[in-house]
Amino acid sequence: DITQTLGDLTVDAMGATGAVNLTALTGALNINNAITGASINGQSTAGVTLGATGTLTASGSGNAIVLNAGAGNFTNNAGATALNATSGNWLVYSTDPSLDNRGGLVYNFKQYNTAYGGTILGTGNGFIYTLAPPVITVSLTGTVSKVYDGTNTASLSAGNFFSFVPVAGIDGDTVNALVPATGSYDTQNVGTGKTVAASGSTALTTL
């Protein structure tokens with residue numbers, strides 16, 4: 001284990017058969033050359049940077065590689081093969097995807113509004129950000145009609161939902177609103193200008 005109590009921690013190379021723990025308590029973590037181990041955990045308060053040959057390879061299962069950039073960001077200069085969790089997966093924590101350089105790393109999921117130590121919802125290799133995404137509000141619009149059948153059930157379509165069309169999200173993500181196919185009129189009686197409501201199954205998903 002290596003812990004830097006003041007300032008940045010720069011690691012040139014390291015090989016181990018067990019766990020490798022690198023901690024910069026008050027600075028950035030810079031990894032210049034290859035590091036191997038059963039697991040690799042890198043902690044920083046001011047960012048994590050992988051140099052051009054700063055590849056990480058871990059042989060363990062589960063979250064075999066974990067990098068936490070703290071209040072800083074993640075910079076990958078080693079390319080698409082920088083993180084290699086051969087029997088597990090890797091996780092990278094930082095603040096904002098627009099400030100990161102992923103360097104071509106292929107990931108399985110991204111998660112927002114989550115600090116280090118928070119609950120992870122995705123599986124596989126992932127980027128976790130403290131940045132919270134915008135809230136998208138879905139509202140009913142347009143006209144809903146039907147032949148009288150004695151019930152207050154209303155059939156809804158995509159055109160009845162304002163903001164149903166995907167909107168731009170963070171980091172080029174697409175935000176889709178999952179909306180119900182049915183709603184309800186205020187009463188089952190025949191009339192015009194009636195109120196239609198839909199609730200209980202609207203959800204927002206960031207892809």
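This is a predicted model: local features need pLDDT of at least 70, side-chain atom pairs count only at pLDDT 80 or more; totals for chains, interfaces and linings use all residues.
**Exercise 1. Locate G51, classify its accessibility, and state which residues G51 touches.**

Solution. 
- Step 1: G51 sits in the loop that runs between β8 (48–50) and β9 (56–58).
- Step 2: With a relative accessible area of 14%, G51 is buried, because buried means under 20%.
- Step 3: If residues up to four places away in sequence are not counted, G51 touches I31, N32, N77 and A78.
- Step 4: Compare sequence and space for one pair. D12 and G51 are separated by 39 residues in sequence, and their C-alpha atoms are 9.3 Å apart.

**Exercise 2. Which faces of strand β15 are covered, and which strands pair with β15?**

Solution. 
- Step 1: Assign the residues of β15 (residues 126–129). G126 and I128 lie on one side, F127 and Y129 on the other. These residues are all buried, and both faces of β15 are covered.
- Step 2: Take the pairing with β13 (residues 89–94). β13 and β15 pair in the parallel sense over four bridges. L91 has G126 as its bridge partner in β15.
- Step 3: Take the pairing with β14 (residues 109–111). β14 and β15 also pair in the parallel sense, over three bridges. The bridge partner of F109 in β15 is G126.
- Step 4: G126 is a bridge partner of both L91 and F109.

**Exercise 3. Work out the strand order of the open sheet of three strands, and explain why β17 and β22 stand at the edges.**

Solution. 
- Step 1: Write the order, which is β17-β21-β22, with antiparallel pairing.
- Step 2: Count partners. β17 (153–155) and β22 (196–197) each have a single partner strand, so one side of each is left without a neighbour in the sheet. Both therefore stand at the edges.
- Step 3: Check one pairing. β21 (residues 182–185) and β22 run antiparallel and are joined by two bridges.
- Step 4: Name a bridge. S184 has A197 as its bridge partner in β22.

Technical notes:
Residues are numbered from 1 along each chain as its sequence is written. Side-chain values use heavy atoms; hydrogens and water are left out. Two strands pair if DSSP finds at least two bridges between them. Buried means under 20% relative accessible area, exposed over 50%, partly exposed in between (1.4 Å probe, protein chains only). Contact means heavy atoms within 4.5 Å.
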